[in-house]
Amino acid sequence: MHSDWEAEARNRWGDTDAYREHSEKTKQYTKEKWAKANAGLMAILAAFAACRDSGIGAESEQARALAAKLQAHITENYYTCTDEILTGLGVMYVTDRRFRQNIDKYGDGTAEYAAAAIEAYCKGRNRS
């Protein structure tokens, strides 16, 4: 299954700088490094769910701070996550069934909440 995802990613984004950076950055990752990076990502998604469950709005400072944390985590562990890429990820979280299902493991609506928080964060950063 993992190789199917790799092939899809290569087909969709293989000609992008982010894909090339990801390949270079992660080529020496051990199984443990992958596990740590992925666990960190999942912890941030779980934090989005906890924020949502506590009634905090997706446009709140707390939710936007989680979006910033997500962006920093992706940049540190995978590839430079620009605001444009982060926005695209937020859209993919709700439009791609596989992403939605994976994120909604933390509760129905987590993907939508994370996407809304990402949108609010990126819009706030791009105001002139």
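Mentor: pLDDT is the predictor's confidence in each residue, from 0 to 100; helices are DSSP runs of H or I with at least four residues, numbered from the N terminus. Where pLDDT is low, the predicted coordinates should not be read in detail. This is a predicted model, in which local features need pLDDT of at least 70 and side-chain atom pairs count only at pLDDT 80 or more, while totals for chains, interfaces and linings use all residues. Residues are numbered from 1 along each chain as its sequence is written, and side-chain values use heavy atoms, with hydrogens and water left out.

Trainee: What makes Arg-98 and Asp-96 a salt bridge?

Mentor: The term requires a side-chain nitrogen of Lys or Arg within 4 Å of a carboxyl oxygen of Asp or Glu. The N to O distance here is 2.7 Å, so the pair qualifies.

Trainee: Why is Asp-96 called buried?

Mentor: Its relative accessible area is 11%, and buried means under 20%, exposed over 50%, partly exposed in between (1.4 Å probe, protein chains only). Arg-98, at 35%, is therefore partly exposed.

Trainee: What does the salt bridge of Arg-100 and Glu-112 tie together?

Mentor: Their side chains meet at 3.8 Å, N to O. Arg-100 lies in helix α6 (residues 97-103) and Glu-112 in helix α7 (residues 110-125), so the pair ties together parts 12 residues apart in sequence.

Note on methods. Helix = DSSP H or I, 4+ residues; strand = E, 2+ residues; numbered from the N terminus.
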